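Here are my notes on the nonpolar cores and aromatic pairs. Please read them with the structure open.

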Amino acid sequence: MCIRRYSAGLVGLLFTVLLTEGWAFQQPATTGSSLQEDACVVWSTPIEVGSLDVEELDEASGVEVSTQFPGRLYHVNDSGDPGVLSITDVSGGGNQVVAIDGFAPEDMEDIAVGGCGLSDGNCLFIGDIGDNDNDREEVAVVVVEEQAQYGDTAFPLHVIRFRYPEGPQDAEALAMHPNGDLIILTRVVDYDQPAIEPSRVYRIPVNRWITSGNDLIEADLVGELDLPSISSAPLTGSLPTAIDISSDGSRLLVLTYVHAFEFNIDLSDSSFPPAASMTEGRDYREIDIQQLEQQESIAYLPGSNGFIYTTEFVPSDNTRLTVGRARIMQVTCGG
């Protein structure tokens, strides 16, 4: 979703303020440093490490870091883009565009990486989950195998068709737990007020999507994340634009239009506690990052000791936060 597609008045206001027994899920390959079991206490100041080719990625809405091929990033573009995957190095260079056969998304919003399910190797999970008008009766995640080399076209291994038990939901955030469960974080907005409500957290268990074939399945509502109650920026700082899960599954990164959060929670068997019982520094940290225009992508680095985030392109004559390029920013643990 591109929030500037809504009314000018609203935009101005917003910008100022598990497995079932018997299934053998293939875990993703990992490289780099050992897993960090504890949340980071001090995050560094973000540094710019690159920028995106805005001819191909003018509305970057999802990023993922390959654990199998060091130095490789995967990107997807926002609504209106054909079903393609972009592959770059960490600086944004060497962009390769790969068409996904038969994929005609309505609104791609995020990308995750994990095991392919019943087959060996790693896969990319591309979320066609955006629904600005809350009118899509079903959404989808397309599964594409990670390959050392891609041609012009990639062929999906699987298309996960699903719906929400509460009806259509707008979502921009998709992640995969190391156990294979897919996690979706929605956004609930009353644009007439405007007011941001707690986000809903949905899970698609691995045994369900692996066996779904072409059937329409249902995601499980597992709780809420009350960002408006804990965010220092209760409007745009409460709108989740991307998520990622740490290598060991114990932590969750959430990006908003203003900052990032890291939560100490394992969503494979837990849900977010009520905001009133959450303590900053124990249950979560609000991470002060350099705010970029339309920042909608975040991903842990291998080992989960740092992360990157990206932004959409803003023309050079725009007077807002980021001009002239779509930046790739890196934050590391340790100050």
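Is F261 buried or exposed? F261 has 0% relative accessibility, so F261 counts as buried. Buried means under 20% relative accessible area, exposed over 50%, and partly exposed in between (1.4 Å probe, protein chains only).

1. This is a predicted model, where local features need pLDDT of at least 70, side-chain atom pairs count only at pLDDT 80 or more, and totals for chains, interfaces and linings use all residues. Residues are numbered from 1 along each chain as its sequence is written, and side-chain values use heavy atoms, without hydrogens or water.

2. A search of the whole structure finds nine aromatic pairs. Rings of Phe, Tyr and Trp (its six-membered ring) pair if their centres lie within 6.5 Å; planes under 30 degrees apart count as stacked, over 60 as edge-to-face and the rest as tilted. F261 and F263 are stacked because their ring centres are 5.9 Å apart and their planes meet at 25 degrees. F263 is buried, at 0% relative accessible area.

3. F261 also pairs with Y284. This pair is tilted, with 6.3 Å between centres and 50 degrees between planes. Y284 is buried, as is F261. F261, F263, F272 and Y284 form one aromatic cluster.

4. The largest nonpolar core has 23 residues. Such a core is a set of buried Ala, Val, Leu, Ile, Met, Phe, Trp, Tyr and Cys residues joined through side-chain atoms within 4.5 Å. F125, F162, L182, I184 and W209 have the most contacts inside the largest core. A second, separate core of 21 residues includes L185, I230, I243 and F261.
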